Amino acid sequence: MKKREFLKANALLAGSLVLNPFSVWAENRPTRTTNEFTLPPLDYDFEALEPAIDTLTMQIHHGKHHAGYVNNLNKALTGTNLGGKSLEEILAQISVQDTALRNNAGGHYNHSLFWKIIGPKLDRPVPKPLHKAIETQFDSQEKLIEEMKTAGMKVFGSGWVWLALGRDQKLFVSATPNQDNPLMHNIVSPVGIPILGIDVWEHAYYLKYQNRRADYLNALWPLIQWEEVNRRYKAALG
Ligand code: MN
């Protein structure tokens with residue numbers, strides 16, 4: 001810590017000791033750098049996805065698993081020249097031997113996407129641009145969902161199933177192991193921009209569904225926020 005920062009932090013601390021020294025110290029902690037990634041809060045309560053996804057699973061999945069990826073990503077970035085880069089830029093540079101970055105940058109990106117594309121059940125139709133693309137390429141929304149469920153059941157161990165936009169501007173379904181995703185173009189094929197990702201790690205469903213991954217995958221579809229998926233589709237088209 002530089003001397004000036006130390007004096008400033010100390011002044012802040014001294015000025016607020018009467019109230020709650022610990023919370024104020026944490027808020028003004030001068031060692032935090034702006035390049036650190038942080039755990040994004042959920043847009044809904046932990047219990048909002050019941051009964052499809054239980055509250056305890058959400059608490060542990062977000063507060064422990066995702067938080068762990070964020071912390072380990074920040075550790076893995078220490079001493080590299082990737083500190084100021086966006087998560088997408090980091091994913092694009094990862095190679096096979098970058099194990100810690102691969103797992104934790106992937107884990108942070110994948111979960112940040114997942115929390116946005118699921119949410120409380122809405123019963124709204126898929127918005128038009130995406131609906132049209134799905135009908136053109138998969139015949140129907142039902143067939144797309146079947147294809148993604150089948151891909152999810154085929155993942156051996158831990159991984160993700162994706163709906164992504166390829167370089168040919170067409171949608172494709174793929175699966176990746178562990179925390180890989182289609183943005184890691186040095187490692188993963190096919191390459192694309194994910195617009196929908198389904199977590200098929202056991203930690204996403206084991207407390208409620210145990211080994212019944214198919215039941216979890218069936219329960220998940222009513223939670224998909226198609227307006228958000230459509231927003232990501234349009235952004236990916238550029
Ligand atoms: Mn997960």
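Select residues 159-166 and 171-177, strands S1 and S2: the two form a hairpin with 4 residues between them. In the turn, Gln169 has a positive phi of about 65°. Strands here are DSSP runs (E, at least two residues), numbered from the N terminus. This is a predicted model, in which local features need pLDDT of at least 70 and side-chain atom pairs count only at pLDDT 80 or more, while totals for chains, interfaces and linings use all residues. Residues are numbered from 1 along each chain as its sequence is written, and side-chain values use heavy atoms, with hydrogens and water left out.

S1 and S2 run antiparallel and are joined by 7 bridges; strands count as paired if DSSP finds at least two bridges between them. Pick Trp162 to find one of these pairs: its bridge partner in S2 is Ser174. Of the 7 residues of S2, 5 are buried (under 20% relative accessible area with a 1.4 Å probe, protein chains only; exposed is over 50%, partly exposed in between).

Next, select Ile118, Leu171, Leu196, Ile198 and Trp226. In the largest nonpolar core, of 47 residues, these touch the most other members. Such a core is a set of buried Ala, Val, Leu, Ile, Met, Phe, Trp, Tyr and Cys residues joined through side-chain atoms within 4.5 Å. S1 gives the most to this core, with 5 residues. A separate core has 15 residues, including Leu73 and Leu91.

Finish at the manganese ion. His61 (NE2), His111 (NE2), Asp199 (OD) and His203 (NE2) coordinate the ion at 1.9 to 2.1 Å. Donors are N, O and S atoms within 2.8 Å of the metal (3.2 Å for Na, K and Ca); water is not among the atoms, so sites may look incomplete. Both Asp199 and His203 are buried.
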